Amino acid sequence: MPKNFMWKSGRPLPRIESHTLRKLEVLKNYLDVYFDTVVSTPASDCLNITLVDGFAGGGAYQNGEGVADGSPLVLLNAVNRARERLNQNRKKPLEINARFFFIDDNKYHIEALRERLWQEGFGSQIGHGIEIIHGKFSEKLPDILSYIKLGQRAGRSIFLLDQFGYLDAPMESINLIFSNLKRPEVLLTFAIDGLLNYLQETSSELEKFRQFGITDQFISEWNANKDDESLGRLVTQRTLMANIQMRSGSEFFTPFMLWSPTDKRWMMFVHLSRHQAARDKMLGVHWSEQNYFKHIGPGSIFSLGFDVRLIETKDSLFSFADQDKAIMNDQLLENLPLEIRRYMTGGKLPVNVLLKNIANRTAATNNDLFEGLMNLARYREIDIFSKEEKIKRPGSKVDLSDTLAIPPQLTLFTPF
Ligand SMILES: C[S@@+](CC[C@H](N)C(=O)[O-])C[C@H]1O[C@@H](n2cnc3c(N)ncnc32)[C@H](O)[C@@H]1O
C-alpha cells in the first residue's frame, strides 16, 4: 500500500501530496455548488441525501505544520456548511437529512477514522446517521443501494470512489449505481496512466481490462502512439474516457486531470452524472480551479473518443485559463451553427436538447453556450423563440426553455 495513504492509530499521519490536496479541494468546491443548486427554491424545506465514501481512508493527513481533512470529514463539513449557509435569510427553515456511509477494507484505517470522527465532534453520530463499514466497496454496495431506494424516492446521492488504482471500483459497480438510482452522482478517482502503462499485447483477454473496452485494436493504437509522450498518451486517454462513460451507465462525464509528481503520471478525478445541469456545475468548478486541468484539442466542440487527427495536426492543448476561454468563445461561434443544424428536427431545436447532445464534447459552461447563441442571434444566423413561441429580440438573454430556428432567408442557401 502506498505510504501516503497509510493510517494507524498512534502513528504519524500520512503526508498529503499536492494532487491529493487538489482533489479534496475540487470535492469541497463541488459539494458547495451542489447544495446551493439542489436547494435553490425557497419553497423546498427538506433535502434527503445519502453520501457514500467507498474508499474512506483514515480521515486526516499531515499538511506541513497543520492537519488536512480526509474525504469523510470533507463530506461531513460540506453538509454542515450547507445547513448554515442555506438557512441564512430563509423564512422557512431547511432541513438537510444526510446519511453517511464510510467504507474501507483496512481495519487500521477504519480505527483511525473512528478516532478522528470523535476528535472532530462527530463521534456521537456514529451509528446514528454515520455508518462506518469495514469491507470491500463492491461487496457492500448492493445493501447500500437497497437502503437508499427504501428511504428516498428521489434517490439523491453522492458516491465518492477514491480508489488507489483503477480496479477496486469496478465498472459493474458503477453501472449498478446508475441503473438503481434516479439521481446519483459519482466522483471517481482513476489511475488512467497506471492502466495504460500496464497494458500488454494479451491484456484484452483479461476481464479486468475488458471492462474498460480494452480490445486488440485499442492496444495496437496505443502501441502505435505511446512514444509520443504528450499527444499520443492524451489521445489514448480520451478513448478510455469515452469507454468509461459509455460503460458506466451515466450520461455525462467530466474529467479533472491531476498530475502526480511522485508517480510521474496522470490521475483522473471524474464526475459522472445523469443530468446536464450537474455536469455544468462541475465544469464551473473546473474553470474556477484553472490550470490543473488540461484537455487536448479545442475547448469549443470536440469528441471524447480516439481521434488520430489530433496527433497529425498537433492541435494545441487546451487548459482552463483566461486566454483559452476567449479562444473557445470565438470557436463556439463557428462550431455552434453546425451542431444546431445537426440536431434540428422539423426546423426547430429546443435549447435543452442542444445542451444535452453536446455536453460531453465541450468545455463551455451553459452560460458560455447561452452567450454564443445570443451572439449568433445578433448576427442573424439563428432565431430564438421563447417558450411562449414569441421570437426574442437579438441580444436578449437565452433560457433553457427557448427554441432555436434558422431564419427563413438562410435556410434557402444551406445544404441541410
Ligand atoms: C486513496 S485512499 C482513500 C483516501 C481518502 N478517500 C481521502 O481522501 O482521505 C484508498 C483507501 O481505500 C481503501 N481500500 C482499498 N481497496 C478497497 C476496497 N476494495 N474497498 C474498500 N476500501 C478499499 C484503502 O485501505 C485506503 O484507505
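This is a predicted model: local features need pLDDT of at least 70, side-chain atom pairs count only at pLDDT 80 or more; totals for chains, interfaces and linings use all residues.
Let me begin with the second largest cavity, whose lining is made up of Gln276, Arg279, Asp280, Leu283, Ala359, Thr362, Ala364, Asn366 and Leu369; a cavity here is a set of points, on a 1 Å grid over the protein atoms alone, where a 1.4 Å probe fits but cannot get out, and lining residues have an atom within 4 Å of a point. Two elements, α10 (276-289) and α14 (366-378), each give two or more residues to this lining, and α10 provides the largest share, with four residues; helices are DSSP runs (H or I) of at least four residues, numbered from the N terminus.

Residues are numbered from 1 along each chain as its sequence is written, and side-chain values use heavy atoms, with hydrogens and water left out.

Turning to the ligand, 20 residues surround it, and the closest are Tyr61, Ser71, Asp104, His109 and Asp162, where near means that a heavy atom of the residue lies within 4 Å. As for polar contacts, which are pairs of N or O atoms within 3.5 Å, a polar side-chain atom of tyrosine 61 is 2.7 Å from an oxygen atom of the ligand, whereas a polar backbone atom of phenylalanine 55 lies 2.9 Å from a ligand nitrogen atom. In the side chain of aspartate 105, an N or O atom is 3.2 Å from a nitrogen atom of the ligand.

Technical notes: A polar contact is a pair of N or O atoms within 3.5 Å; within protein, one must be able to donate a hydrogen and the other to accept it, and residues adjacent in sequence count only if both atoms are side-chain atoms. On a 1 Å grid over the protein atoms alone, a cavity is a set of points where a 1.4 Å probe fits but cannot get out, and a pocket is an open set with protein on both sides within 12 Å along at least five of seven lines; lining residues have an atom within 4 Å of a point.
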